[in-house]
Amino acid sequence: MAEPTKGHLVFACGESLYGVAADLAAEVVTLPALTRVPGAPGHLLGVFAHRGEVVPVVDLLKLLGLGQGLEAWKRAVLVRTPKGALALTATRVAGVSVLPLGLSPLAADGVRAHLLGPARSPGGEVAIVECQGLFEHLSRVG
Amino acid sequence: MKVAKLPGLHRWLTVPSTVSGILGALLAIAYAFFTVQIPEGTLVQLLLCIAVWVALANVLGDRQEQGSLRTVRALATSSVERSVPVLQAAVREAAALPDLSFQVNLGYWCAGAGLIGLSYWLVPGVPWTIALRFAVIGVGLGPLVAMLAYLLEIERARAAVVVLAKEGLSVAQVLQALPPTRMSLRARMVVYGAIAIGTPLFLVFDMAVQRAERTFAALAVATSQAQRSSVLAADLRQALIGFAVVGGAVAVVVVTCSLLSGRALGEPMRELAAQAQRLTLGKIGQKTVVPAEDEVWAAGAGFLALEGQLAVVVTQLQAAGGQVKLATSELVASSARHEHGAQEQTLALAQTSATTEELARSAKQIAANANQVSALALQTVEASQEGQHSSEAFYRSILAVRGGNQAIADSVVKLNKRVQQVGRVVEFIDGIADKADLLALNAELEGHKAGEVGQGFSLVAAEMRRLAESVMESTREIGRLIEDIRDATNAAVMATEAGVKASDQGSALAQAVSEGLGNILKLSRTTSEAVRAISLATHQQQVGTDQLAQAMGDILASTRAGSAAQAEMQGANASLKGLADELERAVGQFEVVS
Amino acid sequence: MSAVTVTGVLLCRVGAEQLAFDANQVGHIGAWEPGGQPTAHARSLFLMPSAAGKQLTSEAESLVVDSLEVHAEPLPRLPVPLALASVTGGALLGFVQVAGVLWPLYGLAALARHVRQHLEVELS
């Protein structure tokens, strides 16, 4: 019996590939100039207005403690959850790939508890971002 | 003879007058004793008369003589200043004394004899004939006594003149006091002769007459032959004695007078002869007064004038001789010095001549060098001209290079601009591709969300993405190329700028080199002209130096000739000095005593 | 999404950053010089040293900004994303968009208080 799969938007951020469920990935956008919000945590780079909505931009590298990130991100993947929208910075967007479901989180707690995988893809191993959980995590931290 | 002295000179002068008067009186008495029959008892009166009158005559005569010697007496008693006029007056008085004595003696003798006769006649018992006899005897002997007095006086007068002259009169002043004007030697000799002959004749005649009268008277008285014979014999005896005594006395007097007169004439002549002898011995100027009278005095005065003149001439001659000798000595000395100097001059001239020849050689060398330098300067000018032409050509080519570089730089800048434009176009394309990529991505995402329906859409979108990505790849490639081109053009721009800068520097350098060469050319032209001028001047100098050397040679030759002439002149001077010595020796034989 | 409009906004500059306040909440605007009366500085929000500027006063609180301008047109107030709801002690009221640029809209008194209570202490 074949494992259940789902289409994911796969993008690169730094060295690693991340995947977002295609139905949650609203759009791939080019990032405009961001408005900084004083008092916000470091991984929240700022906000930008998109279609009448204020979208916070999350630097995945900073969030995951993988580096200082870029000064000016060009691309971001706009993720829409029931409680709000998020933009995840992307170095490069690979496209839509079908990835298996039912993967385990990379860690028991912390931010990595909202990363599932790794899942195999033609571009390499992909960590699937569990968006709702990440959103809630960010709301807690913020 | 007693040497005369000034004190008592006036007394000393008149002594002979007195002596001759007394001698005359004694002679007269002796004569009278033999020739006059003095009456008995009158002898004492007679002698008294004689004594009184002789004494009176002597006193009066002496007084007259002393009166004529007032100045001499004043000098002798030092009661008057010994000035020249006083001494001259005294000399005149002394010289006039002998003549005065003659006159005084003659006058007083004659007057005295007359007065003796007169006073004796007054004695009782004295016949006038007897008295007259005494007067006649007195008058007859007067001239002889006067002459004796004169002759004795004359020596003293001469001595007195000498004494007075010694008191402070020059010969000229003596001559001035006694001008030799009286020329009466002949008259004086006649008077001498007349007296010397006349007096004895008179005496002998008178004595003979008296004897004869007495004899005749005795004979007339004598009565017998025997008486007559004894009278005659006695008379003869008496006559013989009388003649012998009187004749002897007269002879003595006459001879004395003759001796004295001869001496009076001969003494000054002898003295003059001695002076002349002295002159011949060369002793000039010891002018001594030779006192004399009349022509002899004039001769002495002339002699003195002659000696004075001679002394002047000899003194002048001696002075001239001394000067001649001095001048000759100086001439010889200076001639020697001059000769020495001339030798030195000749030596110096010889050295100078040698130096001048050396100078001429050097000048020739300098002229040759200057010619070479002139040629070199001309070469330098030509080389500088060539260099300037080359540097100008270089400058022009550098300018051309600069122009080329500038053109390249301009082209490169244009190219760069184009490349930048291309870059912008490529960026624009890249942006469009990126947007297309994004659109395709979102379309793929949307297609995927649509499920089965959107699968074909997703495929197209994926294809579009690949297309967009290949476009972006190409634009990246183009971007890299553009970067390369930009780098290359930047390098080219930099290179061309450097080239322009270098060519600017090169052109500046070339200009500087050209200017420098121009300056060098100018300088070398100036140098060339200067060198030409120097060469010309050196040539002139050489000519001048040659002439100088020639002139120096001529001068040296003439100096040598002059030196020879100098030597000859020195010889002549030496002989001249010999002559001067001889002259001085000859003149030196005269001793002029001033 | 509730469409709330804000009329009268003070657009303030703090260094290169930007803040917006509801003009209705601001009672008084004065000048402030260094060495003046001690007050809260918006510069401390961005970890910058205080400088001369305008002093905005509301209720008992006041805050100093570098410069400001007033936007009088009514603007829609965009809601705060959930991730930013608790920053600055809840002083962030929302966002306004002026000429395409997004400005964070704060409550003046709350922000001044937050600065005074949390950041001034840290800075001093």
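How much space lies in the largest pocket?

Analyst: The largest pocket holds about 810 Å³ of space. This is a predicted model, in which local features need pLDDT of at least 70 and side-chain atom pairs count only at pLDDT 80 or more, while totals for chains, interfaces and linings use all residues. Residues are numbered from 1 along each chain as its sequence is written, chains are lettered from A and ligands numbered from 1 in the order in which they are written, and side-chain values use heavy atoms, without hydrogens and water.

A pocket is an open set of points on a 1 Å grid over the protein atoms alone, where a 1.4 Å probe fits and protein lies on both sides within 12 Å along at least five of seven lines; a cavity is a set from which the probe cannot get out, and lining residues have an atom within 4 Å of a point. Points are joined across faces, edges and corners, and the volume is the space filled by probe spheres set on them.

The lining of the largest pocket comprises 33 residues, and nearest its centre lie Leu34(A), Thr35(A), Arg36(A), Val37(A) and Leu45(A). Two or more lining residues come from each of strand E4 (44-49) of chain A and strands E2 (17-22) and E9 (101-106) of chain C; strands (E, at least two residues) and helices (H or I, at least four) are DSSP runs numbered from the N terminus. E4(A) makes the largest contribution, four residues. By type, the lining has 21 nonpolar, eight polar and four charged residues, where Ala, Val, Leu, Ile, Met, Phe, Trp, Tyr, Cys and Pro count as nonpolar, Asp, Glu, Lys and Arg as charged, and the others, Gly among them, as polar.

The wider setting begins with the chains. Two pairs of chains are in contact, and chains A and C share the most contacts, a contact being heavy atoms within 4.5 Å. Chains B and C have no contact, and their closest C-alpha atoms are 20 Å apart.

The largest nonpolar core has 74 residues, and Phe11(A) and Phe21(C) have the most contacts inside it. Such a core is a set of buried Ala, Val, Leu, Ile, Met, Phe, Trp, Tyr and Cys residues joined through side-chain atoms within 4.5 Å. Apart from this core lies another, of 39 residues, including Ala131(B) and Ala264(B).

Four aromatic pairs are found over all chains. In one of them, the ring centres of Phe11(A) and Tyr18(A) are 6.1 Å apart and the planes stand at 35°, so the pair is tilted; rings of Phe, Tyr and Trp (its six-membered ring) pair if their centres lie within 6.5 Å, with planes under 30 degrees stacked, over 60 edge-to-face and the rest tilted. Phe11(A) and Tyr18(A) are both buried, that is, under 20% relative accessible area (1.4 Å probe, protein chains only), against over 50% for exposed and partly exposed in between.

The largest cavity, of about 340 Å³, has 25 lining residues, with Gly21(B), Ala25(B), Val54(B), Ala57(B) and Trp109(B) closest to its centre. Its main contributor is H2(B), with eight residues, and the lining divides into 15 nonpolar, eight polar and two charged residues.
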